[in-house]
Amino acid sequence: MKIEDVVCPFCGCLCDDLVVEVEGTRIVSVENGCTLANEKFMGDHRLKTPIRREGKGWKETTYDEAIRETAQILCDADRPLLYGWSGTHGEAQSIGIHLAEILGALVDNTSTVCHGPSILAIQEVGHPGCTLGQVKNRADVVVYWGTNPIDAHPRHMSRYTTFADGFFLKDAFRDRKLIVVDVRKSESANIADEFVRIQPGGDYAVLSALRAIVQGKRSIIPPSVAGVSREQLFRVADLFLSAKFGAIFFGLGLTMSRGKSKNIRNAIELTEELNRHTKFIISPMRGHWNVYGSNEVFTWITGYPYAVDFARGIAFYNPGETTSVDVLSRKECDACLVVASDPGAHFPKACAEHLARIPTVQIDPHVNATTHLSRIQIPVAVTGIDAEGTAYRMDGVPIRTRMLFKGNYPSDTAVLEQLYAIVKEIKGP
Amino acid sequence: MSEFLIRNAYVIDPLSGIKGEIMDIAIRNGRIVEEVGSNAEVIDADHCLTLPGGIDSHSHVCGTKVNFGRYMSPEDMRAGRTARKGVMHVTSGYSVPTTFGNSYRYSVMGYTTVLEGAMAPLEARHTHEEFTATPHQDMLANTLFDGNWSIMEAVREKDMKRAAAVVAWTLSAVKGFAIKLTNPGGTEAWGWGEDVHSIQDQVPHFGVTPAEIIQTMIRANELLNLPHSVHLHCNALGVPGNYRTTLDTIDLVPDLNDKRQSLYLTHLQFHSYGGSTWKDISSKSEDIARAVNNKPAVAIDMGQIMFGRTTTMTADGPMEFKLYMLHHNKWSNHDVELETGSGIIPVYYSRKSLVNCVMWAIGLELALLVKDPWRCMLSTDNPNGAPFVKYPEIIALLMSRHFRENEIALLDPRTAHYVPLPAIDRELDWYDIAVMTRAGQAKALGITGIGKGSLAPGAEADIAIYPLKPESLDPSAEYQQVMAGFGKTRYTIKRGRVVARDGDVVVEGANSTIWTRATVPPGYDLSVDPEFMKKFEQYYTVRMSNYPVQDVYLPRGICIPTEASL
Amino acid sequence: MRVILRTKPRKKPFIPIEAETIIPQNFLRKNDIRVYEGNKERRLEEIFYITAEGPAVSPDQVEIVLSGETGNIKRVGEYMNAGRIVVEGDIGMHCGNFMSAGEIIIKGNADAWLGREMRGGTIRCEGNAGHYCAAGYRGEKRGMRGGLVDVMGSAGDFTAEYLSGGEVRIHGDCGDLPGVEMRGGTLTIGGHCHRPCGNMTGGTCMVFGRVYDLLPTFRGAGNEEREYRGQRCQMMLYKGDTANRGKGSLLVKKNLNRTGTD
């Protein structure tokens with residue numbers, strides 16, 4: 001059976017035009033997807049049943065037992081952490097947050113290791129943005145800063161920017177100027193009209209310089225700023241100012257380099273400045289397909305997009321203090337539930353070591369690096385393949401992922417609902 | 001079968017013509033009935049003011065921009081934190097509380113139905129997700145059409161029926177309730193960083209004017225026989241001298257409906273400014289109120305501002321940017337492809353600011369000068385003018401001239417020169433307030449037919465009992481008590497269940513979402529219209545099949561079906 | 001009155017204690033003082049050996065002495081408005097948040113957010129301070145508004161972020177972006193630092209060590225003389241940050257910084 005308009009649960013582009021052929025509980029082909037999508041749909045290394053560590057090996061167990069034991073571990077803890085969430089649907093995220101609330105736990109999503117600094121910057125100065133269709137239909141200048149979409153978001157350019165014809169741009173590739181800013185010449189830089197190469201750690205200075213230029217203070221700019229010549233800075237600023245609609249997309253190259261949130265803040269303030277002259281927007285290139293959804297769900301329930309600490313009953317937020325990496329590196333937590341992410345692969349070594357020391361439970365379809373740190377793993381259906389639910393694209397557009405076939409695994413929602421019910425029972429009214 | 005009997009209630013039920021009588025109210029299975037058996041649970045209202053559940057006909061509580069207001073404002077979140085308590089979840093936020101925060105605070109004030117003022121169709125799923133997490137109010141979503149390309153094309157072609165077809169398809173696809181126009185044409189212009197400045201300005205590239213959009217949509221709305229009228233946020237919001245635009249807009253309105261207004265003008269305070277700059281801004285509430293009084297086909301809500309900190313959020317992207325240029329705090333903007341825009345900035349309304357003092361006076365003046373309370377709803381355009389928790393204070397200001405005088409004494413002394421408020425004697429009574437906070441809304445929204453806004457047998461048992469005794473309380477003198485009383489019900493009853501008591505929410509909520517579906521003749525069904533489908537796939541970034549909001553997002557949806565007259 | 005709080009051994013010493021209740025005014029009457037250890041509420045005596053000596057009739061007569069393993073105790077002195085707190089060793093995050101009067105003395109190091117959004121009073125830290133020393137809160141436009149934070153050692157990144165009033169002195173080095181978003185008040189850095197005063201709109205920052213990576217948007221505006229620790233120093237004056245309104249002053253000691261961007 002061929003299913004059309006399938007939503008891809010891989011990256012923040014959340015492409016929804018895939019055609020997937022299914023036979024029974026097996027996917028046999030994927031059309032329109034990028035290589036990352038194909039891998040996600042076709043790959044299948046799933047655990048068969050829940051497993052728990054016994055001695056040096058693993059033993060199979062039942063869902064009921066694994067969930068009950070998890071509930072007990074979490075209830076016994078004084079500082080439990082519920083981490084992950086970006087790889088599952090909103091309905092499951094919502095239960096996870098209520099679970100944290102009743103446990104007095106820390107709850108955090110993968111923003112903590114990707115666009116957390118962007119969120120901090122937005123909290124300081126706001127976010128002039130738009131949905132991706134605005135860019136597709138209008139943008140005549142597109143900037144990728146500290147990101148290589150060809151690698152990390154393979155269809156971003158063809159669906160939304162460089163190669164996507166829009167209402168006001170009938171021949172997008174020719175009508176749009178492409179500017180790439182990076183510390184090295186990436187594949188995306190090869191097709192750019194203008195490549196700006198910055199010395200590592202120099203983004204903040206370059207952004208400050210551009211702000212001053214846009215304000216007409218050209219005389220202050222030294223001959224070179226972080227390896228970028230004054231002439232090129234002027235040229236780029238003039239390109240910005242002559243745009244009818246400009247769009248800046250930035251990635252971890254800007255977010256996670258020296259200055260972190262202040263780089264993003266500077267980029268946003270540049271965008272604001274440009275709006276006094278023309279139309280400009282800026283947007284983070286979100287990684288996980290539903291990391292933005294986790295920010296949204298966290299926010300409407302707790303008031304904060306990530307890193308929420310319920311220890312004292314109220315929702316407390318202070319990245320740097322309540323973010324998973326910081327909490328784990330200080331060895332604060334005494335239990336951890338990982339849902340739909342792989343901190344074993346993405347966290348610093350000290351954090352992974354602490355996860356291995358404390359009782360860690362993972363709810364995830366696949367065996368991954370975190371499995372090796374865990375005491376229990378509970379396999380679940382994959383959202384977008386054999387489970388469905390809400391996801392938010394990197395620009396905030398909510399799309400319902402589809403269930404392509406009914407498999408044998410429970411969804412994240414089903415497992416978390418059962419866990420929540422048991423915890424509620426243990427905790428009492 | 002659950003039965004309740006509320007005894008000795010001091011009832012004001014404007015839709016039933018009850019203007020303050022001591023009576024009993026019987027409830028069975030969530031509805032009001034003539035009588036119940038002797039085993040019914042009894043609540044003694046002890047002569048306290050008993051009204052239909054409050055209805056907010058214009059508030060921003062759920063959806064993309066509201067949540068972004070939270071997301072970007074940890075400083076606001078920390079200003080209103082409560083811990084988990086009984087069945088109540090954790091809440092955060094003062095001006096943009098979390099969904100449960102909104103729901104509990106509304107419930108404690110006796111509100112049982114809330115209309116979200118602006119939902120972008122492309123992001124409707126988000127609004128519905130938050131509706132589900134706002135469990136103590138029935139929710140409705142005004143759906144944005146101000147910059148809708150298909151609508152503007154239909155307007156350009158002077159094809160009113162096509163416009164109606166676009167509305168019918170969209171409302172049914174996104175489970176919306178009514179047509180919302182926010183700065184019509186202006187949000188599209190903002191896609192290029194521009195705006196429209198009067199109702200006769202051309203929208204760039206589309207060759208239509210705001211006036212044409214408004215007129216077409218008013219008529220299209222009636223062709224679809226929708227319960228509510230077009231809900232309009234006029235052009236030129238917040239601009240000194242904008243009262244002319246507002247008067248021009250009121251002039252456009254035909255009288256097409258004998259049950260309700262033909263146009264609902266929202267947060268009119270922001271549209272009643274004289275002068276030409278921020279230095280000489282003045283109140284034009286008298287001109288505006290006169291126009292409203294002379295035009296029975298329009299209804300308005302106040303859009304009152306109250307002093308203090310809040311967050312402004314609207315689909316009116318260009319206006320928010322202008323406001324940002326004044327405040328220089330922080331600014332978010334979110335344009336939505338082919339449809340609309342939005343912007344958010346935090347503001348602080350200060351008694352030291354003459355402009356803010358004039359704005360404060362205008363809202364009250366509108367409520368006092370519009371003669372018919374059925375056509376003037378109490379609102380703050382939550383949270384734009386103030387968070388809705390300020391409603392009790394506004395009620396007290398409207399009921400007490402004495403209170404107003406005390407407040408005016410605290411303002412910038414120049415204020416009196418620019419506003420007529422000090423000379424207005426009128427004090428609203430309990431009945432006026434009952435109309436302006438529920439009955440008027442039910443009528444204006446067209447939801448009396450599904451049992452909203454009244455306490456007559458057959459109505460939904462949504463009831464608020466306030467610790468106020470109108471028989472012995474003089475609101476003019478005892479305004480502090482009025483304020484406290486409207487802030488915290490003794491009982492809030494939703495669909496026959498006590499949901500809040502004396503300031504605490506006591507049960508888990510189970511709200512409904514109310515939406516409309518207009519059935520159109522086959523030739524007007526856009527879901528199979530080749531031209532519409534082709535454009536959709538070309539210019540949107542989601543597939544048409546992934547656009548409609550699935551039924552699963554409305555676990556207790558109430559659909560109001562209509563037959564279109566096309 | 002002198003209250004001595006000495007930490008008891010704990011089973012899980014890495015779990016921080018949330019102790020905003022440890023402020024002089026709370027010890028006037030023998031209240032039931034509680035703190036949090038993770039998600040568990042504890043009585044103060046579960047965490048500390050407590051001894052109290054002498055009388056007090058007002059909070060300014062109360063001195064609290066903290067000793068033992070105090071490096072993981074957070075929020076000590078939050079909203080303090082009188083009296084004195086002496087920490088014999090290290091102190092955890094958020095010490096002296098929102099403090100409006102009184103004195104805190106830390107003999108060891110202070111963790112991050114020392115004196116966040118402080119309004120008045122004095123904090124003296126004899127060791128080093130962490131990141132965001134004397135800074136603001138996320139999303140709030142004004143950080144520290146008054147008082148003095150005096151750090152004998154070094155401080156981390158984002159020192160005095162959003163400083164709006166009062167005085168911050170770091171006698172050692174600062175990390176990256178001290179005085180970022182600064183809009184008022186005075187920041188003195190005795191040692192070296194990177195990229196001071198990014199996006200500043202007001203206030204004065206003086207650096208008596210080296211400045212690395214001075215931002216390109218600071219405009220030279222002549223020389224001035226300033227005194228630091230009894231020595232008169234020749235300073236170069238910069239106005240900035242011109243990426244913003246450019247109304248702040250950054251003074252950098254000469255000789256060490258011949259070009260300003262070494």
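Student: What makes strand S6 (residues 54–59) of chain B and S7(B) a pair, and in which sense do they run?

Tutor: In this predicted model, S6(B) and S7(B) are joined by four bridges in the parallel sense.

Student: With how many bridges does S7(B) pair with strand S8 (residues 138–144) of chain B?

Tutor: S7(B) and S8(B) pair over five bridges, again in the parallel sense. The requirement is at least two bridges, so they too count as paired. Leu115(B) stands opposite Leu140(B) in S8(B).

Student: How do you know whether the residues of S7(B) are buried or exposed?

Tutor: A residue is called buried if 20 or more other C-beta atoms lie within 10 Å of its own. Nine of the nine residues of S7(B), which spans residues 111–119, are buried; S7(B) is therefore largely enclosed by the rest of the structure.

Student: Which values describe the packing of helix H13 (residues 391–399) of chain B and helix H17 (residues 479–487) of chain B?

Tutor: Two packed helices are described by the angle between their axes and the distance between those axes. For H13(B) and H17(B), the angle is about 145 degrees and the axes are 8 Å apart. Their crossing is right-handed.

Student: Which residues of H13(B) and H17(B) meet, and what is their make-up by class?

Tutor: From H13(B) come Tyr391(B), Pro392(B), Glu393(B), Ile395(B), Ala396(B) and Met399(B), which meet Tyr479(B), Val482(B), Met483(B), Phe486(B) and Gly487(B) of H17(B). The contact has nine nonpolar residues, one polar and one charged. Gly counts as polar and Glu as charged.

Student: What makes residues of chain B and chain A count as in contact, and how many are there in each chain?

Tutor: Two residues are in contact if their C-beta atoms lie within 7 Å. By this criterion, 45 residues of chain B touch 52 residues of chain A. Helices H1 (64–71), H2 (74–77) and H4 (124–132) and strand S16 (332–335) of chain B each supply at least two residues of the side that touches chain A. This side of chain B comprises 16 nonpolar, 18 polar and eleven charged residues.

Student: How many bridges join strand S8 (residues 128–130) of chain A to S16(B)?

Tutor: Three bridges join these strands, which run parallel. At least two are required, so S8(A) and S16(B) are paired. Cys130(A) has Asp335(B) as its bridge partner in S16(B).

How values were computed: Residues are numbered from 1 along each chain as its sequence is written. Chains are lettered from A and ligands numbered from 1 in the order in which they are written. This is a predicted model: local features need pLDDT of at least 70, side-chain atom pairs count only at pLDDT 80 or more; totals for chains, interfaces and linings use all residues. Axes are lines fitted to C-alpha atoms, for helices over the stretch in contact, and angles run from 0 to 180 degrees between N-to-C directions. A crossing is left-handed if the near helix is turned anticlockwise from the far one by less than a right angle, and right-handed if clockwise. A residue is buried if 20 or more other C-beta atoms lie within 10 Å of its own, exposed if 12 or fewer, and partly exposed in between; C-beta atoms are placed from the backbone.
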